[in-house]
Every structure is written in structure tokens, then in C-alpha cells.
Amino acid sequence: MTEPAARRLYGFESGSMVDEMVGEVEAERGALPLLAFAVSRLWELRDRERRLLTREAYERIGGVVGALAQHAEATLEKVGRERLPIVRELFRNLVTAQGTRAVRDVDELLSVFADSQRECAREVLRALIDARLLTSFEDGASEQASAGARHRVEIVHESLLRAWPRLVRWQTQDADAAQLRDQLRQAARTWDEHERTDDMLWAGSAFREYALWRERYPGRLSELEEAFAAAMTSLATRRRRRRRVVLISGFAVLLAVLAVVGTLWRRSVQETRRAEAAKLLALAQARLVDDPTEALVLTTASLEVADTREAREFVMRALWTAPPALELQMDEKQEFVVPSFSPTGHHVALGGYGPEVKVWSEDGQGPTRLGGQTIGTSGTNTAIWAADDLLVTGRKIEVGGPGFDDHAQVWSIPDGKLMRRVDFGSSGYWTVGPRRLYTMLEQGEGPDTGFLLRSWRLPDDSEELVDSLSAEERAGVSDLVAAPDGSGWVVARGSAVYLHPLAGKGPERLLEVLEGRASLASFWGSGVLAFDEAGSARLWSFGDGEPSRVWAIRRPAGAPAVHADSDGRRVAGLGPNQQSVQVWEIDGLPGARPLELRRIGSWYDPDLAFHPGGAWCVATTHQHQRLTFWPLARPYPSVVQGYRFPRYRRALTFSRDSRWLATGWEDGGVRLVPVGGGDPNAVREFRLPESPGFCADIRFDPSGRYLLVASAGATWLAPLDGEPCRVVVPDVDDEQREEGAISPSGARVASASFHGPGAAELYLVDVATGALQTFALPRPESPTGWAEGVVSLEFLDEQTLLTAGWGGLRKWDLTTGTQQLVMASEAFLKMRASRAAGIAVAWGIWPPDAPKGLELLDLTTGISRPLEGFGDDIETADLDPSGSVLATGDRDGSIRVGRLDGGETHLLLGHTGNVTRVVVSPDLNWVASAGEDNTLRLWPMPDLSKPPLHTLPHGELLAKLQSLTNLRAVRDPESSTGWTIELGPFPGWRDIPEWNP
């Protein structure tokens, strides 16, 4: 492949293309013709300037498979439309009921046609072979090799069955009949091989099923099949005469047979629907990374075809990945700039390079066209709102910057009436405040340049000369904007921001000092945004009275220059290659990755905006032909990738007030992460001395005085007031510990041996004095080969400790050091307990064949019962302190959260691989998790008062899913997958779609 191209001074764009092409066909008899088809099409689409066979061309032809499908259609044109039925009959006999290739003897294949058609069919067959759609070969190794080699034929490539739309459509139309046809062909061969005895003929119900099928089957049979059918008919006729004497009993048998046939038919239909649903689900899974909305739409279609558990759960995975989008289709291709929402969010306006600005209302109605805009390449038309019913349009040079022109137009909304045209006299910057238009016109030249500020109260007041800023007053000013309320200029000098009153009415007022050089921008009509390159941003509001700071935020680490929402809760920017929107939650975990909002299709030069209040984020997508809306009303999990956990454990716990999340950190450290804020400066880090090894468990003192840290060896106290850490249980050679526990008052702590060759002991420490007591742990009479100590500990009161591990759950009386087995188990158990509820939840972790379910133990009565619905292969679990809510982490990456008093569990999906730790916040607002994928995740607690979405009745579930987006998956016989995504009516953005996780 490469050498012929090289002789023409051409090459492949990448070596991987050649490997992919060869890999598609290397196991096929017709490999060389398939490659020839593909290479010839690549040559037609070659890049003549770069002298390359490109990947873009390879994807356009659909790879080797796509080239073959295109060649197939071209071959049909040569064969002739009048011979299309012959082509279809040939392929009908070369495809099995399972949709795979069948090898047929040529004579047997041609015997399907009547004598008058057979020669014509032979010509068509030869044309298909010559065109390399079919492969012909001599089979000398068949079961009848003694009679000489047989001439056989088959479809050239398995992928033609999937990639040639016409053949896919034929298979779909013949699907119901194909299975019985295969059975008939095999039965006829068996009958012929057994000397055509009556014993090998179909009779009774089998013959009647064949007769019903033959009435509907549009194809023809081979000579052998026709002979088999005639023999069946003859046998049935003979038997019919005998059956007349037993008509009543025969009628009963017939009813029974019909019932069986009906049952089989229904089962066949159900299996077909399940296969189609599985195909749609596979398409959704492949689409999830690139487009979660289309993944959800395809999963919804799968559920419409067949209601399966796998599709219901994948719905939750798609929804937890990103919010599904609503899309507004433009009536024509546009060149849009930043979408502009009105102050209340009731309308959105879009301008661009065209002669119109267009306005849509929140109910999806529009557009209202505001014509007469300036056309040119020196800038774009922009739209800035002076009020919810007043829109100012004009030209601007920079995306996101103020207007720059010699005039502006004022429009009433929603009627789209032009209220007035304001001429500035010369070109200058213009901006808008609440019902007011400002211009800043330069005066003078060079170092003597000053600014003249003019104002018009809208919609129809006359011009006012408001103020001027002399060259001397401009000295040192790096940026300035008009205060939206007309009170003065907002100016930046270096990192400082001032309010400069009009006409010298008082001294300048210092508003803000940022970390770096300050820049200014008008923000949401009545605000001025001050920001610097370091990522700090401050929003000042200018209304009636004194200006006031609304919020102060810092741009998250790794975020580019971004847009902030009006509440300062989120910032957003375009993702890599400008093919997505990335949204950061300011209150997310420090270092959390952004929420990625994706839609497939070209995002040529996109722009984005927040709806007032941040309920929506919108972007121009699909070559500026769509405006895509993503709802942000509900929180999404905060995810930190590549979290630097210790190598072997991923300890997590919440503080008692739920404000902090303590995590294990690399090299034996501990981190305190603020739950309600993403400021990295707020993170506290503890480095335990003497290299204690990995951190296995962390507990908060109930009074907030210290952390108890159980490491691989020693157990430590880390005071939260900054005092030095101290060892409370020293390291013992080759002994491993997994968890610790703190008594309700915080006066005592405990840990225990988990594994090791020495004596297994329970350790009890008095925090104030450091006094250490030890109690021997029960051990098996002979080694088990597994850990034989304690893996979980919980204080029930100051004198009672509950432990779990080898043998089951034990309750310890710490005054005497005695213990009682309260739940026996042959498995090695872990547990979590609630003092308030008097319960414990236990699950087995060893040996591998141990039961994986949960047991709920009443600590008062000692009675236990299984807990259903929390997973089948549980690795970790946690109870909230009240004992009302349980969360579990499964080895398949799923998290389940539910109330212990009943109801279905909610699914939290996002981890890849084993969930190694899950914890519930005491205030029941959060679930934190860690997994083998080295991510730390902070999930919003689902609304446990409502049934989980994936458990809703089928009809209710479909209605809910269809309300989340206006995209739909519809059948498309011309598509390679049989389905395509279409855009439905746009419902607007007034109502925010919601789903209850």
C-alpha cells in the first residue's frame, strides 16, 4: 500500500492508518480487494497540496468498511435497477438468521431461481463476484470431497453486513423469516443425507409453522428445499386423511401447538427487542465521553425498546457526568458573539456580523429581529441591556468588551420597536447602566488626551454633558469605566481601584486593592467587575446610595480567563480546542476539575454566557447554528483527579460540624480540606514525624481538639491547635493496624492489631495522661492464612467498645477487659456502628468467597437481619451518626445511598474501579468517596425523601428523561447504526429541568 503511493510521491498521513486498514481485513479471504477499494477512494480524496492520503479522507469514506459500502451501491447501479430483486434474493441466501455470512454452493444458490431466471441470476452473481462484493472459491475439503471440488460463494467481508445500509435494511425486513429459513435449509440437507425418509420430514406443528411461514416469506427456495417442502406436504396430506377419525382430539392438540408457537413467537419478539435495546445502550456507552446528552438520549431510546436494569443504571451514569442540554436551532447560519441575557433573564439577544440582532424569550418564542445593524469586518454588532424591556445595539471591536462606534440604537422589547438612534458625534466607547447610556470620547492627542463622559437617560431623555477627565487626572490610570449609576468614574491605577466622583465632587474613594494589575469591566448592568491576572475578582454594585462589594472570588487553579456568574458561585471558560465549556464551582474542593459541558459537532469560534443567577450556562455551538443551554441549578460532584493519597489506603472522614474533610496524604501525612470553599490557602496539612508509613484511618475528636490517626504502624494524636503530634500507641515490628476509635467524651482512644506474626492486642489510651492498656485479642486455634485481628472499632460509651474482624463482632467491657461475641461469622467482618440508634452494619471482606451482603445488627437485642439493595460486592460502608442513612461503595465503582427505614437506594456513579472508602457527613448534606481511580469526590446528598430516578415506573421514567432535553433518538434506515439524533421543539429556559438522583 505504501510503496505504490510513494512511487507517485504520496504518502499516508500516519503509519497508524495503514495498520488500521490492514487490521480490519487481515483475517478475511477478500482482504486485498477490500484494501484496494479503500485505497482507491483515498486516492480520489487525496490532499494534493501536501501530497498525502489523509485521516480526514479515511474517516469520510468510513474506513475500509465505508469504502466497501459505497462500492456496493455503485455496483448495483451497474447491475441495473430491474435486476435488484435478483440481487436481494442472492444476499438473502448468503446471510444467516444471526446476521452472519453463510457459505453456499453455487449450484444450490442458483437453484433458488426459476429456470427462466436462472441464466440472468448467474450473470448477476458473476457481476457481484467480479465487483468483489462476493468471494468465489473451490472447496476441495468439504464433506463431499470425493465427488470433486465444489464451487462455493460467500459475502466478501463480515462488515458489509453492518456498513452497507441497503443490506442492513434488507436484513431487518427479513429478520422474522430468516431463522426458520435456516432451519428449513438444514432440515432439507439432513433429509437428503438420510435417503429422504419420511422420518426426517417436519410434521405436525413443525409443518404447520412452516406453512404459515411460507405464506409470508417473499423469497424462493432451492431445488432441494422445494423437494423437502413437497415431501412434507405429501406426508401431511396422507396423515390428514387418518386424522379425520380423531378430529376432536386432533383439534385439542392443534390448540396446544398454536399456543406453543405463539409463546415461541412472543419470546422471539422479546429477544429481538432486547438485542436492539442492547445495541442502543452500547452506542450510548461509546458516546458518553464526547456527548453525555446524546448518551442519555440513546439510553432513553433503549429503555423505550426494552426496559432493562443496565439501561436504568446507565441513565444515572450519564446524568452524573454532566447535565443534559436543551438546544435552540437557528433558522439560518449565523456569526454570533456573546449571548446577552436581560437583567431578569426573560430574554436573550444575539448579534454578530449580520444586519440583524435577534431576541428570543424564555418560553422559546422568537426571534424578534432588530434590523438595520451596521455590516462590516471592523467589529461585530453587540447587544447590551439597559432594562428588561430596553436593549441597546451597536458595534464593538473586542469580544466581551464595551461598544465602540459613533452611534447606538435603543429598542423596546419584546415588540422590537426602534425607540431612538443616539449619535455620539464621533467614535467612542459606549456602555450601558440601568436605563442609561454612556459614551467615553477621547479629547486631545498624545499625552494631552483626556476623556469626555456623556450620558442619556433612556429611552428618550436628551443628552447630558456629565463630566470630563483631564490628561492630568488620567495620569497613572490603566483602565476606567463609567459608574453604572452615573456617580462618577471607576478607575484603576496599578492594583488599586477607585471611585472618582463627577466634576470633582469630593475626593476619590478607594474601593479595592487587588493582588496584581487591575482591569475593569461593566458587569450585569448595575455592576463593575475588578479583576487581575492572578485570578482575583471583585464585583461592586452601583445602585441607589453608596457602592458596595457584592462578592470576592479567586479563579480556580488551572482555569483560563473566565466568565463569572452574577452570584460569584461559578466561573466558566472554553475547554481545550474550544470544543466544550468548563464550569468551576467556587465552593468546590480545592483543585477540583471543572464540570465539562460537551456537545459533538463543530464549535467554530464559540462564546458563552451565564443566565442571571447562574441557573443556565449557554454557548453558541454547531457552527453558530445552535444555542445550547445546560442547566446548572443542581450541584454536581466535586472531583479531584490524581489525589495524592497514601499508596495503600485512602482514609476519609468528616468533622463533626461537616465543615472539614480529613484525608490521608502521601508520605504519611493528613490533610484537612474545607468542604464549603475551594481556596487552596484554606487547606491544612499535618506531617506526622518519624515516617509513620501510610495513613490508614482518621477520626475527629468530638470536641474538635485533635485528630486520631491510625497509620500502618503507630497510632498518633494530631492536635488541631498547632501543638506537636504525639504517639499514643507505639509501632510494633511487623504489626499492622487499620482503624482507631474515640470515646464519646474524647477522653479515651483505641486501636487494635489487624495483622502480624506477634500477639494480637487491643490498645486503650487515656488521652490526658497517655496511660496505655492492652487486652489480648481472641485468636483461632490454628492459623487461617488470613488476617486474624480487628479491622473496625467503635465506642458505644466510655466503657464499652465494639470491634469487628476475625470471628465476627465483639462487645468489650473496658473495665474488665472481657469480651462477648455478639455476631458470629466465619468471614472476616468490617462494620460501622451508631451509638444514637444502637445499631451496627457489618459486611464480610475475607475470604473471597465470603458473603458480600450487609447485616444490620440491633445491639440491644442481638438480632440481625440482611440489608437488601445496597450492592452485591461491597468494599466499604458508612453510617451517619444518627444511624438513619447508610452509604456503601462497591467494587464495580458504584455508590449506593439510602435510609435504613426503607425505600430504594440512590445511585452515585462516576468512579472507575473499586470504591475503597465512602463516608457520610453528619449534617447529611454530603457523601465523600475515594477509589482505585485516585479520585477524591464530594457528592451532594440525594433527596432521600423521593424515589430514585432509576427506580421509577417505566412510563414515568421515560416521561422524566424526555423532559430533560429536546434531543431525540429516531430510527433511520439510512444510518449505519439504524438510528439518528434529531432536535425537537425548543421549550425555552423558563422552567429548569430537574432530576432527582
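Student: How many helices and strands are there in the protein chain?
Tutor: This is a predicted model, where local features need pLDDT of at least 70, side-chain atom pairs count only at pLDDT 80 or more, and totals for chains, interfaces and linings use all residues. Residues are numbered from 1 along each chain as its sequence is written, and side-chain values use heavy atoms, leaving out hydrogens and water. Helices are DSSP runs of H or I with at least four residues, strands are runs of E with at least two, and both are numbered from the N terminus. On that basis, the protein chain has 17 helices and 62 strands.

Student: Is Asn 93 buried or exposed?
Tutor: Asn 93 sits in the loop between H6 and strand E3 (104-105). Buried means under 20% relative accessible area, exposed over 50%, and partly exposed in between (1.4 Å probe, protein chains only). Asn 93 has a relative accessible area of 2%, so call it buried.

Student: Which residues does Asn 93 touch, not counting residues up to four places away in sequence?
Tutor: A contact here means heavy atoms within 4.5 Å. With those sequence neighbours left out, Asn 93 touches Ala 102, Arg 104, Leu 109, Val 112, Arg 181 and Arg 185.

Student: At roughly what angle do the axes of H6 and H8 cross?
Tutor: Axes are lines fitted to C-alpha atoms, for helices over the stretch in contact, with angles from 0 to 180 degrees between N-to-C directions. The axes of H6 (residues 84-92) and H8 (residues 115-130) come within 10 Å of each other, and they cross at roughly 75°.
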